[in-house]
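Work through the exercises below with the sequence and coordinates open. Each task is followed by a solution in steps.

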Amino acid sequence: MYEVIAIGASWGGLEAMGTLLEGIPQDLDQAIVVAQHRSPEAGRGVLEALLQRHVERPVTEPGDKELIEPGRVYVAPPDYHLLVDGGRFALSVEARVQYARPSIDVLFESVADGYRERAIGIVLTGANKDGAAGLAAIKRNGGVSIVQDPQTASRRTMPDAALEASAVDAVLPLEEIGAFLYGLCCP
């Protein structure tokens with residue numbers, strides 16, 4: 001039984017994330033945790049409000065030590081790494097990874113360690129290699145790895161890097177990822 005769906009996106013990610021969230025059936029009960037590259041000066045609450053337009057489940061920025069609850073979408077705050085630890089979130093201001101904070105790799109690696117075979121990782125559009133190592137860690141620890149079809153990405157560098165880093169379970173256009181998740185999580 002999968003418990004967490006971790007999603008990473010960068011350049012073009014807002015549009016991609018909106019499309020993906022719209023395609024995820026409401027009966028999926030897993031917590032969805034998002035690391036989206038954005039400026040450290042990005043206003044708090046802005047990304048959540050934009051994503052909330054695409055999904056009925058609550059979209060929030062988690063606080064440090066906040067309990068991870070099913071049926072919610074959590075978005076990494078600007079200029080913080082978001083990690084999971086023992087069913088709770090942890091926020092970090094450690095050094096940037098792949099020039100980013102929040103880093104997709106940091107989130108994915110913590111999900112891989114904490115949830116192992118109960119994790120699903122998804123790499124979407126982006127212009128650097130962040131997320132590739134973390135998605136490989138999710139796969140290596142028994143979780144499911146999904147990559148947006150690079151031909152459908154605004155910037156294909158991140159999906160291509162993820163495909164080069166390890167074998168993945170699925171390469172799909174955004175519009176098909178929701179149905180794939182439904183098949184995994186609601187058999």
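**Exercise 1.** Leaving aside neighbours within four places in sequence, which residues is Ile 7 in contact with?

Solution. The model is a predicted one.
- Step 1: once neighbours within four places in sequence are set aside, the contacts of Ile 7 are Met 17, Leu 20, Ile 32, Val 33, Val 34, Ala 35, Leu 107, Phe 108, Ile 122 and Leu 124.
- Step 2: a second, separate core has 25 residues, including Ala 6, Val 33, Val 111 and Ile 138.
- Step 3: Ile 7 itself belongs to the largest nonpolar core, which has 29 residues. Ile 7, Ile 120, Ile 122, Leu 124, Ile 177 and Leu 181 are the members that touch the most others there.
- Step 4: as background, nonpolar side chains in soluble globular proteins tend to be buried together.

**Exercise 2.** Locate Gln 36 and decide whether Gln 36 is buried or exposed.

Solution. 
- Step 1: strand β2, residues 31-36, contains Gln 36.
- Step 2: the relative accessible area of Gln 36 is 7%. The cut-off for buried is under 20%, so Gln 36 is buried.
- Step 3: not counting residues up to four places away in sequence, Gln 36 touches Ala 9, Ser 10, Gly 13, Leu 14, Met 17, Leu 47 and Pro 102.
- Step 4: for Ser 10 there is also a polar distance, with its backbone oxygen 3.1 Å from a polar atom of the Gln 36 side chain.

**Exercise 3.** Describe the surroundings of Asp 169 and state which side chain it meets in a polar contact.

Solution. 
- Step 1: Asp 169 is in the loop between α5 (157-165) and β9 (170-172).
- Step 2: its relative accessibility is 37%, so Asp 169 counts as partly exposed.
- Step 3: beyond four places in sequence, Asp 169 is in contact with Lys 139, Gly 143, Val 144 and Ser 145.
- Step 4: the side chains of Asp 169 and Lys 139 form a polar contact of 2.7 Å. These two residues are 30 apart in sequence, with a C-alpha to C-alpha distance of 8.4 Å.
- Step 5: a polar atom of the Asp 169 side chain also lies 2.8 Å from the backbone nitrogen of Ser 145.

How values were computed
Residues numbered from 1 in each chain as written. Predicted model: local features only at pLDDT ≥ 70, side-chain atom pairs only at ≥ 80, totals over all residues. Heavy atoms only, no water. Core = buried A, V, L, I, M, F, W, Y, C linked by side-chain atoms within 4.5 Å. Buried < 20%, exposed > 50% of the residue type's maximum accessible area, 1.4 Å probe, protein only. Contact = heavy atoms within 4.5 Å. Helix = DSSP H or I, 4+ residues; strand = E, 2+ residues; numbered from the N terminus. Polar contact = N/O pair within 3.5 Å; in protein donor to acceptor, adjacent residues only side chain to side chain.
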